[in-house]
Amino acid sequence: MAEKQYNPYSFAFINLRNMKHNLMRIRSLVKRNTKILIPVKSNAYGCGIVGVSKYLENIGIDYLGVAFPHEGIRLRKEKIRAPILIFNEVIHEDDYSRIIKNNLTPTVCMISSLKKFNQLGKRNNKKINIHINIDTGMGRMGIAFKEIFNFIRTVYSMENIVLEGIYTHLSSADEKDRRFTLAQLKEFDSIAVFLKQQKLKIPYLHVLNSAGIMNYSQYHYDMVRPGIMLYGYFPDNRIRKSIGLKPCMDLKSCIVSVKKHRKNTPVGYGHTYYTRRSEVIASISCGYGDGINRLLSGRGYVLFQDMKCLIRGRICMDQIMVNMNSLSDPVLGDMVTIFGRDKKKLIRLEHAAEELKTVPYEILCQIGERVKRIYIE
Ligand SMILES: Cc1ncc(COP(=O)(O)O)c(C=O)c1O
């Protein structure tokens with residue numbers, strides 16, 4: 001067997017042209033002057049928080065969103081200047097000053113946090129922009145709807161706080177039954193009406209995530225927050241629509257061993273698989289340590305030369321063993337596709353998620369640090 005240059009690593013190829021295309025698709029679904037906030041939390045849905053944020057800033061994104069202060073601080077260290085909203089309420093004492101120092105925008109839903117930011121603002125002679133998250137039915141974080149009106153009044157009584165945004169998060173915008181989402185939107189709208197009546201002009205009212213943009217785009221308000229659709233995927237397989245999204249990631253890894261086993265040879269931990277005949281088994285340099293779900297053991301497949309190669313035995317931390325019987329000359333270092341596009345064939349992330357009874361988000365977010373992200377412009 002000819003030996004190519006050996007490369008034992010795994011790669012997530014991130015297609016930035018596709019990302020830009022998806023951004024344009026998003027723009028086409030909402031009103032022209034609607035701002036766009038892109039969530040880049042959880043390592044930009046596995047696509048690499050720094051690489052993706054730099055690219056988005058270059059193409060003029062309006063806002064970035066992260067879950068935690070440290071994610072925003074990392075971006076500031078990388079000289080990213082775009083506004084960054086932190087979705088989670090601040091809990092750690094040190095984070096208050098870090099947020100101010102790094103010019104991040106916190107979400108504030110507790111009076112105690114509001115007071116701390118106001119005091120720090122005074123001390124630093126700074127006005128602190130904040131957003132308020134209202135819980136209209138997600139049952140997660142956010143201020144209760146009935147408390148919002150008082151909360152807004154308190155915010156306006158604080159000299160060093162600027163109310164830059166108010167938002168809520170939709171829990172069920174991908175469900176067929178629209179009633180719950182419409183009730184959430186109605187509650188949010190009553191706040192918009194209240195603000196108008198009080199002549200309070202807040203720059204960013206925002207609600208819509210990807211499923212919201214797909215199904216309720218008329219509620220775009222001032223800004224939308226699409227995550228998964230920017231990366232080219234649907235929130236789940238049931239609401240795949242023909243809106244022309246292009247997947248951004250191809251996850252690939254190299255063949256690091258090729259063995260011709262006799263019939264009845266055990267493969268992998270626990271010997272859950274014995275070859276049924278003479279079989280070519282290739283080991284791929286990728287495993288659950290890289291975020292490949294072990295539940296795909298004995299069930300999933302990878303693509304090589306556009307052919308399906310079934311996973312044999314249990315997925316290991318660093319390798320997956322696959323059958324390559326029908327293929328000519330698999331060579332060490334050749335790349336197989338774990339999901340995404342091979343040559344002409346594609347393993348659709350939404351299908352892989354369905355197989356695992358999960359959502360595309362989880363598969364993307366689990367792709368480990370060892371996988372090198374390569375950006376293609
Ligand atoms: C507050 C908030 N907004 C927007 C999003 C983006 O959601 P999606 O990726 O479904 O568009 C998320 C993701 O979880 C979120 O937490």
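Trainee: I've started at Ala44, which lies in helix α2 (residues 41-45). What should I know about the model and the labels?

Mentor: This is a predicted model, where local features need pLDDT of at least 70 and side-chain atom pairs count only at pLDDT 80 or more, while totals for chains, interfaces and linings use all residues. Residues are numbered from 1 along each chain as its sequence is written. Helices (H or I, at least four residues) and strands (E, at least two) are DSSP runs, numbered from the N terminus.

Trainee: OK. What is phi of Ala44 near?

Mentor: General idea first: most residues other than glycine have a negative phi. Ala44 has a positive one, near 50 degrees.

Trainee: Is Ala44 buried or exposed?

Mentor: You count other C-beta atoms, placed from the backbone, within 10 Å of the residue's own: 20 or more is buried, 12 or fewer is exposed, and in between is partly exposed. Ala44 counts as buried because it has 29 C-beta neighbours inside 10 Å. Compare Asn264, in the loop between β11 (249-261) and β12 (266-267). Phi of Asn264 is also positive, near 75 degrees, but Asn264 counts as exposed because it has 10 C-beta neighbours inside 10 Å.

Trainee: Let's zoom out. How many helices and strands does the chain have?

Mentor: There are 11 helices and 20 strands. The C-alpha trace spans about 80 × 45 × 40 Å along its principal axes, and buried residues make up 45% of the 377 residues.

Trainee: And which domains are assigned?

Mentor: Domain bounds come from an automatic or database domain assignment. Here it gives domain 1 (16-238) and domain 2 (249-347), with C-alpha centres 41 Å apart.

Trainee: How do I check a helix, say α8? What should it span?

Mentor: Take 1.5 Å times one less than the number of residues. Helix α8 (residues 179-197) has 19 residues and should therefore span 27 Å, and its end C-alpha atoms are 27 Å apart, which agrees.

Trainee: Which residues of α8 are buried?

Mentor: Thr181, Gln184, Leu185, Phe188 and Ile191. Down the axis of α8, these buried residues fall within an arc of 110 degrees, so they line one face of the helix. The arc is that of the directions from the helix axis to the C-beta atoms. Turned away from the buried side is a face with the exposed residues Arg179, Leu182, Lys186, Val193, Lys196 and Gln197.

Trainee: What do the buried residues of α8 pack against?

Mentor: A contact is two C-beta atoms, placed from the backbone, within 7 Å. The buried residues of α8 pack against β6 (128-135), α7 (148-156) and β8 (161-168). After α8 comes Lys199, with a positive phi near 55 degrees.

Trainee: Let me try α6. Which of its residues are buried?

Mentor: Leu114, Phe117, Asn118 and Gly121. Those buried residues fall within an arc of 100 degrees seen down the axis of α6, so they line one face of the helix. Among the partners they pack against are α5 (93-101) and β5 (105-107). Exposed residues Ser112 and Arg123 sit on the face turned away.

Trainee: Where does the ligand come in, and which residues surround it?

Mentor: The surrounding residues are Pro39, Phe87, His169, Asn209, Ser210, Ala211, Arg225, Pro226, Gly227, Ile228 and Pro235. By class, Ala, Val, Leu, Ile, Met, Phe, Trp, Tyr, Cys and Pro count as nonpolar, Asp, Glu, Lys and Arg as charged, and the others, Gly among them, as polar. The shell has 6 nonpolar, 4 polar and 1 charged residues.

Trainee: Last stop, strand β15. What is Val302 in contact with?

Mentor: Val302 is in β15 (residues 301-304). Setting aside neighbours within four places in sequence, Val302 contacts Ile284, Cys309, Val322, Val336, Thr337 and Ile338. With 28 C-beta neighbours inside 10 Å, Val302 counts as buried.

Trainee: And Asp306?

Mentor: Asp306 is in the loop between β15 and β16 (307-310). It counts as partly exposed because it has 13 C-beta neighbours inside 10 Å. Leaving aside neighbours within four places in sequence, Asp306 contacts Asp342, Lys343, Lys344 and Lys345. For the chain, among contacts between residues at least 6 apart in sequence, 66% join residues at least 24 apart.

How values were computed. Near = placed C-beta within 6 Å.
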